[in-house]
Every structure is written in C-alpha cells, then in structure tokens.
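Thanks for coming. I'll take the structure on the screen piece by piece, and you can follow along in the sequence.

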Amino acid sequence: MKNNPVVKERLWWRIRGFKAMDSRFNGDLSKYVSSFSPKIKISILEIGFGEGKALLELRSLFRDKNMSLYGVNVKPEGDMKKRSDFLRNAKRFGIKVSKSNLPTPFFYDAGEGLHFKSNSIDIIVSQVAFHYIYDKAKLIEEIWRVLRPNGKAFLHIDGSKNFENYPDFLKNNSETPRFIIYNKEGKMIKLSTIIKNLNKKGY
C-alpha cells in the first residue's frame with residue numbers, strides 16, 4: 001500500500017487562523033477581547049496578517065464587539081493585495097462577513113515604523129511573522145508607542161531551531177534563533193537579557 005502524500009492548501013504558510021493564534025497565547029487573547037464591553041470600540045492590529053484568516057475569524061467569533069480591525073503585510077502578494085480580497089478569502093475559508101465590515105489592510109515594512117497615531121490601538125497581535133522583521137527593537141518601540149494605556153501586545157516568537165531560509169537563521173544564537181536584536185555597536189543581545197532588564201523596570 002502506498003502512503004497518500006499530505007496535501008497542503010495553496011499558500012498554507014500564509015493562512016494563520018485565530019484558533020492557532022489564540023492557542024499560542026494559552027487562550028489569553030480571546031479572554032482579553034471578551035473582556036471589552038460591546039459599547040466600547042476596540043482597535044486591533046495584526047502584524048503579518050498573511051491571507052487575513054485570523055482577522056476574519058476574529059470578526060466572525062466576536063460579532064457582539066465593536067471592533068476596528070487592521071493588518072500590516074510587508075507587501076501585497078498571494079491572495080491579499082487589496083481590501084476587497086478579504087471578502088473573497090472569507091468565502092474561501094467559509095467565514096461569513098459583510099462587505100461593509102472588512103478589516104483594513106496596509107502594505108509596508110512594520111520594522112521601519114507603524115503608520116498609526118500614538119495611543120491609538122488596543123490590541124496588537126503577531127504570529128509566525130516577527131522573525132521576518134529586521135529591526136525588531138524598532139518595532140517593539142513602535143508597538144509601545146501605538147498601544148493605548150492598558151493596551152496589550154501578543155507577540156509570538158517562533159523558537160524553531162531548524163535552519164531554514166529565514167532572515168534570522170544564524171546558527172551561533174542557540175538561545176533565540178528567530179529573535180535577534182543588535183545594539184548600536186552591532187553586537188547581538190540575548191532575548192533573556194532584554195526580558196531580565198524589562199522585569200527590573202517593572203514590566
């Protein structure tokens with residue numbers, strides 16, 4: 001008997017659903033979204049939204065919430081090049097969403113800055129995308145700037161040690177192969193050192 005090959009959906013690496021996203025944060029993301037009153041308008045930004053599945057599922061799962069949804073991809077590609085592509089992809093994923101309630105996409109390098117006003121976003125999320133950002137320190141600063149007081153960022157850092165063709169595939173950083181930050185002198189800083197310093201400051 002021959003083994004049937006695993007058939008993956010086209011652009012499978014760009015299809016990141018909300019369920020997988022929420023599981024990366026132990027369900028804390030859905031709990032936080034649920035904590036908002038329907039009377040309060042929530043703004044949510046996904047960095048590296050791929051084909052938009054997570055944002056569409058977010059809209060569908062939390063229909064009672066008053067949400068403004070935004071996504072940033074580095075460039076228009078695959079099946080996501082303009083806002084109307086959300087509607088086509090929703091049909092593809094079997095998600096019901098109205099034409100007037102689609103997320104808003106942006107296409108630029110988030111590592112060079114977020115094109116949002118300071119204190120304007122309640123929740124910032126990212127999964128399977130952060131390792132593609134070259135200037136991660138700059139992005140973290142931008143996330144801090146853009147988040148509203150009491151806002152939360154849910155950032156998934158892929159810790160895989162497979163040496164694939166990613167920007168952060170350096171073999172000499174066994175601690176954090178997908179999350180590398182350099183100081184002004186070009187020296188690599190360990191993630192554990194950054195977290196330790198943040199903890200000292202009360203974060």
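Start with Gly 94, the residue that follows helix H4: its phi is positive, near 75°. The model is predicted, so please keep that in mind for everything I say.

Now go back into the helix itself. H4 covers residues 85–93. Which of its residues are buried? They are Asp 85, Phe 86, Asn 89, Ala 90 and Phe 93. Looking down the axis of H4, these buried residues fall within an arc of 140°, so they line one face of the helix. What lies over the buried residues of H4? The cover includes helix H3, residues 53–61, and strand E3, residues 104–107.

Next, the strands. E1 and E2 are paired in parallel, with 7 bridges. Within E2, Met 67 stands opposite Ile 42. To get from E1 to E2 the chain passes through H3, and this β-α-β crossover is right-handed. On to the next pair: E2 and E3 also run parallel, joined by 4 bridges. Here Tyr 70 has Thr 104 in E3 as its bridge partner. The chain goes from E2 through H4 to E3, and that β-α-β crossover is right-handed.

So how enclosed is E2? Of its 8 residues, 6 are buried, so E2 is largely enclosed by the rest of the structure.

In soluble globular proteins, nonpolar side chains tend to be buried together. The largest nonpolar core in this model has 28 residues. The members that touch the most other members are Leu 29, Val 33, Ile 44, Leu 58, Met 67 and Ile 123. Several elements give two or more residues to this core, among them helices H1 and H2, strands E1 and E2, and strand E4. Which element gives the largest share? That is H3, with 4 residues.

Take Leu 29 as one example. Leaving out residues up to four places away in sequence, Leu 29 touches Phe 18, Met 21, Asp 22, Ile 123, Val 125 and Phe 154. There is also a second, separate core of 15 residues, including Ile 47, Tyr 108, Ala 110 and Val 146.

That is the end of my part.

Definitions and conventions: Residues are numbered from 1 along each chain as its sequence is written. This is a predicted model: local features need pLDDT of at least 70, side-chain atom pairs count only at pLDDT 80 or more; totals for chains, interfaces and linings use all residues. Side-chain values use heavy atoms; hydrogens and water are left out. Buried means under 20% relative accessible area, exposed over 50%, partly exposed in between (1.4 Å probe, protein chains only). The arc is that of the directions from the helix axis to the C-beta atoms. Contact means heavy atoms within 4.5 Å. A nonpolar core is a set of buried Ala, Val, Leu, Ile, Met, Phe, Trp, Tyr and Cys residues joined through side-chain atoms within 4.5 Å. Two strands pair if DSSP finds at least two bridges between them. A crossover is right-handed if, with the strands pointing away from the viewer, the path from the first strand over the helix to the second runs clockwise.
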